[in-house]
Amino acid sequence: MDNQFFIKAVLIAVFLIIGLFLVIPTRGARQLAVRRLTTLLLVLVAIFAVAFPDLINSLANLIGVGRGTDLLLYGLIVVFIGSSVTASRRYRQQEAQITDLARAVAIAQANHPAEKSDETP
Amino acid sequence: MPLYNEAQVVREVVEHARQTFPNIVCVDDGSTDGSAEQARLGGATVVVHPINLGQGAALQTGITYALQDPNAEFFVTFDSDGQHRVEDALAMVNRLDTEPLDVVIGSRFLDGRTKPGLLKKVVLKAAVIFGNLTSGMKLTDAHNGLRAFNRTGAGAIRIRQNRMAHASEIIAEIANAKLRYAEEPVFVVYTDYSRSKGQSLWNSVNILSDLWLK
């Protein structure tokens, strides 16, 4: 359908950006800022949607989505995938930190290699 | 020597290796079967990870630990399940000693001695092609755990891939640091024991995603 072109383009673009985000390294500060800005935006959109449900409906019609509810569902899917991606990224970063910590503990508990000739016969 | 639940064989592997190499470091990666004790009985220095981190992490811990010894000149990574031969490791160290090289990487495919199964061969070859494409190096085997480094080589490698993707990562690190490298034909002994513990082919999927996801 021609009038659905816009919403399709927007959704596909958003998913592509999320996919790109998966494989491109970002700096910690920017990632945190983006996450907080997104949360803020979500709160504003949620308030707006509650206060003016008719506007959401007409916005949905404008971009070729049948009902406002459907538009909200699409938004929810985008937010869910985005949050899964950031969570998995944070998990990876935390794993790297745990590795460094465990390695430091392991090496601290072992005898220094230059001294080990004294303890083994 | 990364060590994870190899209590059945590790003592013998360490004892055999110590006849040639006096200093063996085993990194016990949270084994639950007393592997660390067996390795100690075999005469290895054992560094124990407090939790299981993966083979790549164990290799990096072993290298970091061994680099603390200022007298250590050469560093060999060696599997603890007995699939590598000490003679091959010695030949690789001799090449580091006599030739202008930083790294010597073992390869199963330089001669016809090693006989992996057909499916394993196809997957390993695909990994080789992928590795050569992404690193710009020319290797014949990408996932061989037998490698020898001099101090420059060992110090330049930084393994961040905790799990199985470390093999590809090491290749990439060698390429990035522009280390002088060569391949050495080695024989990998596929015993029934090592076959029973062999890598699941599903791991190739895990390796690719580990390499690409940040």
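## Strand pairing in chain B

Two strands are taken as paired if DSSP finds at least two bridges between them. In this predicted model, strand S5 (residues 103–107) of chain B is joined by 3 bridges to strand S6 (residues 147–150) of chain B, and the two run antiparallel. Within this pairing, Val104(B) is the residue that stands opposite Ala148(B) in S6(B).

## The four-stranded sheet

S5(B) and S6(B) belong to an open sheet of 4 strands in chain B, whose order is S4-S6-S5-S7 and whose pairing is mixed. At the edges of this sheet lie strand S4 (74–77) and strand S7 (181–185) of chain B, each of which pairs on one side only. Averaged over the sheet and with direction ignored, neighbouring strands are turned by 20° against each other.

A helix accompanies these strands: helix H7 (residues 166–176) of chain B lies across S5, S6 and S7 of chain B, and its course makes an angle of about 35° with S6(B).

## The three-stranded sheet

Chain B also holds an open sheet of 3 strands, in the order S1-S2-S3, for which the pairing is parallel. Here the edge positions are taken by strand S1 (2–3) and strand S3 (45–48) of chain B, each pairing on one side only. S1(B) is connected by 2 bridges to strand S2 (residues 25–28) of chain B, the two running parallel, and Pro2(B) is found opposite Val27(B) in S2(B).

Across S1, S2 and S3 of chain B lies helix H2 (residues 35–42) of chain B, which runs at about 160° to S3(B).

## The interface between chains A and B

The size of an interface is often given as the accessible area lost when the parts come together. For chain A and chain B, the area buried between them is about 2,000 Å², with 59% of it on carbon and sulfur atoms. In terms of residues, 21 of chain A are in contact with 24 of chain B.

The count of salt bridges between chain A and chain B is 3; one of the salt bridges is formed by the side chains of Arg158(B) and Asp100(A), at 3.7 Å from N to O. Polar contacts across the interface of chain A and chain B come to 5 residue pairs, with both residues at pLDDT 80 or more. On the chain A side that touches chain B, helix H1 (5–23) and helix H4 (68–109) of chain A each supply at least two residues, and H4(A) gives the most, with 11 residues. Sorted by class, this side of chain A consists of 12 nonpolar, 3 polar and 6 charged residues.

Note on methods. Residues are numbered from 1 along each chain as its sequence is written. Chains are lettered from A and ligands numbered from 1 in the order in which they are written. This is a predicted model: local features need pLDDT of at least 70, side-chain atom pairs count only at pLDDT 80 or more; totals for chains, interfaces and linings use all residues. Side-chain values use heavy atoms; hydrogens and water are left out. Contact means heavy atoms within 4.5 Å. Buried area is the accessible area (1.4 Å probe) that two parts lose on being put together, summed over both. A salt bridge is a side-chain nitrogen of Lys or Arg within 4 Å of a carboxyl oxygen of Asp or Glu. A polar contact is a pair of N or O atoms within 3.5 Å; within protein, one must be able to donate a hydrogen and the other to accept it, and residues adjacent in sequence count only if both atoms are side-chain atoms. Ala, Val, Leu, Ile, Met, Phe, Trp, Tyr, Cys and Pro count as nonpolar, Asp, Glu, Lys and Arg as charged, and the others, Gly among them, as polar. Axes are lines fitted to C-alpha atoms, for helices over the stretch in contact, and angles run from 0 to 180 degrees between N-to-C directions.
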